[in-house]
Amino acid sequence: MQCVIQSNKERWVFGSWKGHNITQRNLLQFDGKSLDANNIRHNEPGYRPLPKLCNCSDGEREYLMQSLEGQLHRGGKIVSQYEPFLADQKRHLM
């Protein structure tokens, strides 16, 4: 959920997760879309790294929370949150 997570160095993580937006990748996976075909990088047209949680289904939000919880359970640590994401979410709640 746009958290910067320091992975547990003793645990294996997907190489594609390192330094990337895994929230976006998890939403693609949950929705059954191809990660290779739809993983738009930051320098490509159409990239929006900030998913709108208010537009996510209950199932998508649950999947994202389980993914975050799984990272923390395996020894990952939240070291910060991406402020533009938080500000963007607040604008849509008002």
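**View 1. Lining of the second largest pocket, by residue class.** The lining of the second largest pocket has three nonpolar, two polar and three charged residues, where Ala, Val, Leu, Ile, Met, Phe, Trp, Tyr, Cys and Pro count as nonpolar, Asp, Glu, Lys and Arg as charged, and the others, Gly among them, as polar. The residues concerned are Gln24, Leu27, Leu28, Asp31, Lys33, Asn38, Ile40 and Glu60. Helix α1 (residues 22–30) supplies the largest share of this lining, three residues, and the volume of the pocket is about 150 Å³. A pocket is an open set of points on a 1 Å grid over the protein atoms alone where a 1.4 Å probe fits, with protein on both sides within 12 Å along at least five of seven lines, and lining residues have an atom within 4 Å of a point; grid points are joined across faces, edges and corners, and the volume is the space filled by probe spheres set on the points. The model is predicted, so that local features need pLDDT of at least 70 and side-chain atom pairs count only at pLDDT 80 or more, whereas totals for chains, interfaces and linings use all residues. Residues are numbered from 1 along each chain as its sequence is written, and side-chain values use heavy atoms, with hydrogens and water left out.

View 2. Asn26 is buried, with a relative accessible area of 5% (buried means under 20%, exposed over 50% and partly exposed in between, with a 1.4 Å probe and protein chains only). Apart from neighbours within four places in sequence, Asn26 is in contact with Trp17, Tyr63, Leu64 and Ser67, contact meaning heavy atoms within 4.5 Å.

**View 3. The salt bridge between Asp58 and Arg61**. The closest N and O atoms of Asp58 and Arg61 are 2.5 Å apart, and a search of the whole structure finds one salt bridge, defined as a side-chain nitrogen of Lys or Arg within 4 Å of a carboxyl oxygen of Asp or Glu. Both residues lie in helix α3 (residues 58–73), three residues apart, which is about one turn of the helix. Asp58 counts as exposed at 61% relative accessibility, while Arg61 is partly exposed, with a relative accessible area of 28%.

**View 4. The protein as a whole.** The elements run β-α-α-α-β-α from the N terminus on, giving four helices and two strands; helices (H or I, at least four residues) and strands (E, at least two) are DSSP runs, numbered from the N terminus. Of the 94 residues, 31% count as buried.
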